[in-house]
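Please examine the model shown below with attention to how its parts are held together.

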Amino acid sequence: MTKLLLILSVTFGLATAAQAGFINNKSTWDSLSWEVKQGYAMGKFDDLVMGSYNDGAREKRRKEAFRECAYRIKLTAQDMVEIINTEYKDLASWQFPPLLMKGLCTVCSPACD
């Protein structure tokens, strides 16, 4: 039992940058597996659509519009990864973390008015 706990603690202690949420630029993004990219994109999407107790009225409307748009167009994790990949086609964005919101504003433009 002690060995199992030791193995688990070492395994969980060896988190990658992606698992810790530190994806700082295109190079880091490109080094991730497809599955990790999907997980990251879904987490970013949750950040963009989940309400918070201190959201103002405008922020609540934007989040609801993103949720409705994603549901209407049946947005998947794969789609969100492709949105991020498309955003990285702009060379000026390579130094930044993955940009999901900008792409979502293009896809779901009424949410960003």
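## The disulfide

In this predicted model, Cys 69 and Cys 108 form a disulfide with their sulfur atoms 1.9 Å apart, a disulfide being a pair of cysteine sulfur atoms within 2.5 Å. The structure holds 1 disulfide, and because the torsion about the S-S bond of Cys 69 and Cys 108 is about -80°, the disulfide is left-handed. Cys 69 lies in helix 5 and Cys 108 in the segment after helix 7, so the pair ties together parts that are 39 residues apart in sequence; helices here are DSSP runs of H or I with at least four residues, numbered from the N terminus.

Cys 69 is buried, with a relative accessible area of 3%, and Cys 108 is likewise buried, at 2%, where buried means under 20% relative accessible area, computed with a 1.4 Å probe on protein chains only.

## Basis of the values

Residues are numbered from 1 along each chain as its sequence is written, and side-chain values use heavy atoms, with hydrogens and water left out. Because the model is predicted, local features need pLDDT of at least 70 and side-chain atom pairs count only at pLDDT 80 or more, whereas totals for chains, interfaces and linings use all residues.

## Packing against helix 7

Helix 4 (residues 34-49) and helix 7 (residues 100-107) pack at an angle of about 70°, with their axes 10 Å apart; the axes are lines fitted to C-alpha atoms over the stretch in contact, and angles run from 0 to 180 degrees between N-to-C directions. The two helices, helix 4 and helix 7, are therefore roughly perpendicular, a term that covers 65 to 115 degrees. Ala 41, Lys 44, Phe 45 and Leu 48 of helix 4 meet Leu 100, Met 101 and Leu 104 of helix 7, contact meaning heavy atoms within 4.5 Å.

The axes of helix 6 and helix 7 come within 9 Å and cross at roughly 105°, which makes helix 6 roughly perpendicular to helix 7. On the helix 6 side the contact is made by Met 80, Ile 83, Ile 84 and Glu 87, and on the helix 7 side by Leu 100, Lys 102, Gly 103, Leu 104 and Val 107.

## The nonpolar core

The largest nonpolar core has 21 residues, and those with the most contacts inside it are Trp 29, Phe 45, Phe 66, Leu 75, Leu 100 and Leu 104; such a core is a set of buried Ala, Val, Leu, Ile, Met, Phe, Trp, Tyr and Cys residues joined through side-chain atoms within 4.5 Å. Helix 4 gives the most to this core, with 5 residues.

Key
Parallel < 35°, antiparallel > 145°, perpendicular 65-115°, else oblique. Buried < 20%, exposed > 50% of the residue type's maximum accessible area, 1.4 Å probe, protein only.
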